[in-house]
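The sequence and structure come first.

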Amino acid sequence: MSAQPDRHGDAARALLALYDTALPVVYGYLVRRCRDQGTAEDLTSETFLAAMDAARKPDPPPIAVPWLLGVARHKLADHYRRRADPEPVAEPPVDAVDEWDAELDRLVAESVLTRLSDSHRTVLVLRYMDDCSVGECAALIGRTVHATEALLVRAKRAFRKEYPEGGTS
């Protein structure tokens with residue numbers, strides 16, 4: 001009999017390791033969309049309880065902040081479905097800057113960048129965070145402009161593949 005990896009034990013440990021980082025992100029996501037802090041706290045608790053239940057399943061999902069935000073989104077939707085007098089969360093004006101969503105997008109993007117290869121991460125950071133031109137990127141990483149353009153195409157494709165579906169805004 002071969003030893004099977006303890007996937008749900010690994011998932012539970014991953015959730016525990018992620019908890020301190022993920023808690024303010026999940027709570028922040030919910031409190032911005034709820035009418036009161038108490039509801040946001042309750043939904044945050046429900047999110048982490050659901051995550052622990054999922055981590056205990058025989059084939060648990062990959063536990064990460066973007067996945068937890070998806071669970072939180074479902075908990076928020078369930079909350080409004082349960083209400084006898086559903087009042088949707090008021091949408092901010094179109095031109096209003098939602099600093100929390102921007103911060104959340106930044107956190108998710110940084111998390112995605114850590115999962116990319118060094119070459120993909122480097123070229124994306126140089127091009128889009130450091131605002132280097134393609135020619136400057138090419139010079140800095142020691143490639144031709146054409147090779148750098150091709151690398152950017154592959155890096156953006158890899159980033160989109162890892163980025164949570166739909167983003168946060």
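## Contacts of His79

His79 touches Thr39 and Leu43, leaving aside residues up to four places away in sequence; contact here means heavy atoms within 4.5 Å. The residue is found in helix H3, residues 65–82. Helices (H or I, at least four residues) and strands (E, at least two) are DSSP runs, numbered from the N terminus. His79 counts as buried because its relative accessibility is 16%; buried means under 20% relative accessible area, exposed over 50%, and partly exposed in between, with a 1.4 Å probe and protein chains only.

## Basis of the model

This is a predicted model, in which local features need pLDDT of at least 70 and side-chain atom pairs count only at pLDDT 80 or more, while totals for chains, interfaces and linings use all residues. Residues are numbered from 1 along each chain as its sequence is written, and side-chain values use heavy atoms, with hydrogens and water left out.

## Overall composition

The secondary structure of the protein comes to seven helices and zero strands, and along the sequence this reads α-α-α-α-α-α-α. Of the 169 residues, 35% count as buried. Among contacts between residues at least 6 apart in sequence, 64% join residues at least 24 apart.

The accessible surface of the protein is about 10800 Å², and 56% of it belongs to carbon and sulfur atoms. Accessible areas come from the Shrake-Rupley method with a 1.4 Å probe; for residues, only the protein chains shown count as cover.

## Packing of H5 and H7

Two packed helices are described by the angle between their axes and the distance between the axes. Helix H5 (residues 118–129) and helix H7 (residues 145–162) pack at an angle of about 100°, with their axes 9 Å apart. H5 is therefore roughly perpendicular to H7. Axes are lines fitted to C-alpha atoms, for helices over the stretch in contact, and angles run from 0 to 180 degrees between N-to-C directions. Angles under 35 degrees count as roughly parallel, over 145 as roughly antiparallel, 65 to 115 as roughly perpendicular and the rest as oblique.

On the H5 side, the contact is made by Ser119, His120, Val123, Leu124, Arg127 and Tyr128. H7 contributes Thr148, Leu151, Leu152, Arg154, Ala155, Lys156, Ala158 and Phe159. The residues of this contact divide into eight nonpolar, three polar and three charged. Here Ala, Val, Leu, Ile, Met, Phe, Trp, Tyr, Cys and Pro count as nonpolar, Asp, Glu, Lys and Arg as charged, and the others, Gly among them, as polar.

## Cysteines

The structure holds zero disulfides, a disulfide being a pair of cysteine sulfur atoms within 2.5 Å. Cys132 is in no disulfide, and its nearest cysteine sulfur, that of Cys137, is 5.0 Å away. That distance is too far for a bond. Cys132 counts as buried at 12% relative accessibility, and Cys137 counts as buried at 0%.

Ser133 is placed in the loop between H5 and H6 and counts as partly exposed at 33% relative accessibility. Ser133 and Val145 are 12 residues apart in sequence and 9.9 Å apart in space, C-alpha to C-alpha. Thr144 lies in the loop between helix H6 (134–141) and H7. At 51% relative accessibility, Thr144 counts as exposed. Its C-alpha atom is separated by 9.6 Å from that of Val134, 10 residues apart along the chain.

Ser111 lies in helix H4, residues 99–114, and is partly exposed, with a relative accessible area of 24%. The C-alpha atoms of Ser111 and Tyr163 are separated by 9.0 Å, with the two residues 52 apart along the chain.
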